[in-house]
Amino acid sequence: MATQAHSLSYAGCNFLRQRLVLSTLSGRPVKIRKIRARDDNPGLRDFEASFIRLLDKITNGSRIEINQTGTTLYYQPGLLYGGSVEHDCSVLRGIGYYLESLLCLAPFMKHPLKIVLRGVTNDQVDPSVDVLKATALPLLKQFGIDGESFELKIVRRGMPPGGGGEVVFSCPVRKVLKPIQLTDPGKIKRIRGMAYSVRVSPQMANRIVDSARSILNKFIPDIYIYTDHMKGVNSGKSPGFGLSLVAETISGTFLSAELASNPQGQGAAVLPEDLGRNCARLLLEEIYRGGCVDSTNQSLALLLMTLGQQDVSKVLLGPLSPYTIEFLRHLKSFFQIMFKIETKPCGEELKGGDKVLMTCVGIGFSNLSKTLK
């Protein structure tokens with residue numbers, strides 16, 4: 001852990017998770033002011049408060065101070081402790097909102113993390129549990145985070161607005177991370193998907209599969225889309241359906257896209273046929289953007305490269321998302337690390353959109369709380 005470093009100060013509610021996660025890893029306290037100060041309803045939202053409570057559960061000795069209106073937050077991180085944890089997520093955001101940050105923190109705990117999260121498994125805002133399972137876990141394995149206890153399991157599905165889903169995530173701890181060289185995305189060899197429906201007719205999932213295949217079959221024959229219809233207590237509290245698609249390349253890259261139906265009582269009803277077709281188009285767009293990591297996991301890959309051993313890591317990404325660009329700025333302020341960014345225009349061998357080659361030397365982050373056996 002860093003010695004008592006001076007705290008960093010930010011204003012506004014944007015990128016709150018990034019700041020708190022990097023603060024926890026670097027050991028630098030943060031102060032965030034003016035959180036929705038001009039709003040009619042100022043201060044932290046319910047889902048942000050829930051996220052702060054989650055950080056408090058998985059660390060030991062964190063100091064969190066929030067003023068009365070909730071517009072100022074001071075966070076002094078403790079040690080990442082881990083162990084067995086249960087957490088009820090806010091139903092305003094998906095479980096993916098919390099899981100994305102846990103994926104960044106879990107390998108550096110003192111004890112292997114085993115956490116039960118309850119809430120919304122699939123919504124229209126955050127990456128769903130299905131997509132994180134299919135794309136983020138293989139990415140972590142590239143960095144040497146693997147083992148029998150490394151899994152993400154959906155016990156119950158929950159759609160907004162009621163939620164009621166449940167997932168179990170367990171992750172082993174690592175002392176150091178391996179540097180990576182992911183520069184060849186490779187060609188797409190197969191597409192896998194999951195069409196799910198809860199508290200609606202099971203036929204919905206089949207209709208989604210047929211319409212998605214009507215577009216994807218023109219490009220590749222090896223397509224398999226599973227249908228998942230959960231019944232009874234496992235189907236959460238609200239009706240809904242959706243589709244997540246993952247394309248895998250010959251070099252082990254996973255690119256994903258997903259769509260979920262509108263929450264009950266909000267917006268117009270969505271036809272399963274339209275949802276299937278639109279999701280297939282989103283996947284084709286993601287494949288066009290390309291790179292070795294899909295746009296959902298860009299920041300996760302860059303963080304793990306930063307924390308790797310003092311060796312060169314390279315990764316080829318598609319166009320950087322605004323979230324990733326801000327993340328690079330935060331990496332500089334928390335870890336004083338700069339990436340070398342080279343643009344690779346789509347030439348002969350690189351099809352699709354323009355790519356970016358990100359290179360950095362890891363800071364040699366070591367998990368000091370993990371005792372050597």
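How much space lies in the second largest cavity? About 100 Å³ of space lies there, and the legends below, which describe close-up views of a predicted model, start with that cavity.

**View 1. The second largest cavity and the residues that line it.** The lining of the second largest cavity is made up of 13 residues, and those nearest its centre are T135, L139, T253, F254 and C292. Helix 4, which spans residues 129-142, gives the most to this lining, with four residues. Sorted by class, the lining of the second largest cavity holds six nonpolar, six polar and one charged residues. Domain 2 (188-289) and domain 3 (293-361) each contribute at least three residues to the lining of this cavity.

**View 2. N297 in its loop.** N297 sits in the loop that runs between helix 6 and helix 7, the latter covering residues 298-306. The relative accessibility of N297 is 3%, and N297 therefore counts as buried. When neighbours within four places in sequence are left aside, the contacts of N297 are L132, T135, A136 and L139.

**View 3. The largest cavity, with helix 3 in its lining.** Three cavities of 30 Å³ or more are counted in the model, and the largest cavity has a volume of about 140 Å³. Its lining comprises 13 residues, of which E100, S101, C104, S299 and Y323 are the closest to the centre of the cavity. Helix 1, helix 3, helix 7 and helix 8 are the elements that give two or more residues to this lining, and the largest share, four residues, comes from helix 3. By class, six residues of the lining of the largest cavity are nonpolar, five are polar and two are charged. Domain 1 (1-78) and domain 3 (293-361) each supply at least three residues to the lining of the largest cavity.

**View 4. The largest pocket and its lining.** The largest pocket contains about 870 Å³ of space. It is lined by 32 residues, and the closest to its centre are E100, V125, D126, P127 and T296; E100 is also named among the residues closest to the centre of the largest cavity. At least two residues of the lining of the largest pocket come from each of helix 1 (16-26), helix 2 (46-58), helix 3, strand 15 (254-260), helix 6 (272-289) and helix 8 (322-335). Strand 15 provides the largest share of this lining, with five residues. The lining of the largest pocket consists of 13 nonpolar, eight polar and eleven charged residues.

**View 5. The second largest pocket, between two domains.** About 640 Å³ of space lies in the second largest pocket. Among its 22 lining residues, G186, K187, I188, I287 and K351 lie nearest the centre. Strand 12 (188-198) and helix 6 are the elements that give two or more residues to the lining of the second largest pocket, and the largest share, three residues, comes from helix 6. The lining of the second largest pocket has eleven nonpolar, six polar and five charged residues. Because domain 2 (188-289) and domain 3 (293-361) both give residues to this lining, the second largest pocket lies between them.

**View 6. Helix 1, enclosed by the rest of the structure.** Eleven of the eleven residues of helix 1 are buried, so helix 1 is largely enclosed by the rest of the structure. Just after helix 1, G27 takes a positive phi of about 75°.

**View 7. The largest nonpolar core around L25, F169 and L331.** The largest nonpolar core has 83 residues, and L25, F169 and L331 touch the most other members. Helix 3 (residues 95-105) gives the most to this core, with eight residues. Not counting residues up to four places away in sequence, L331 touches L22, L302, L303, T306, Q336, I337 and F339. A second, separate core of 21 residues includes I191, M204, L245 and A280. In soluble globular proteins, nonpolar side chains tend to be buried together.

Notes
Residues are numbered from 1 along each chain as its sequence is written. This is a predicted model: local features need pLDDT of at least 70, side-chain atom pairs count only at pLDDT 80 or more; totals for chains, interfaces and linings use all residues. Side-chain values use heavy atoms; hydrogens and water are left out. A nonpolar core is a set of buried Ala, Val, Leu, Ile, Met, Phe, Trp, Tyr and Cys residues joined through side-chain atoms within 4.5 Å. Buried means under 20% relative accessible area, exposed over 50%, partly exposed in between (1.4 Å probe, protein chains only). Contact means heavy atoms within 4.5 Å. On a 1 Å grid over the protein atoms alone, a cavity is a set of points where a 1.4 Å probe fits but cannot get out, and a pocket is an open set with protein on both sides within 12 Å along at least five of seven lines; lining residues have an atom within 4 Å of a point. Grid points are joined across faces, edges and corners, and a volume is the space filled by probe spheres set on the points. Ala, Val, Leu, Ile, Met, Phe, Trp, Tyr, Cys and Pro count as nonpolar, Asp, Glu, Lys and Arg as charged, and the others, Gly among them, as polar. Domain bounds come from an automatic or database domain assignment.
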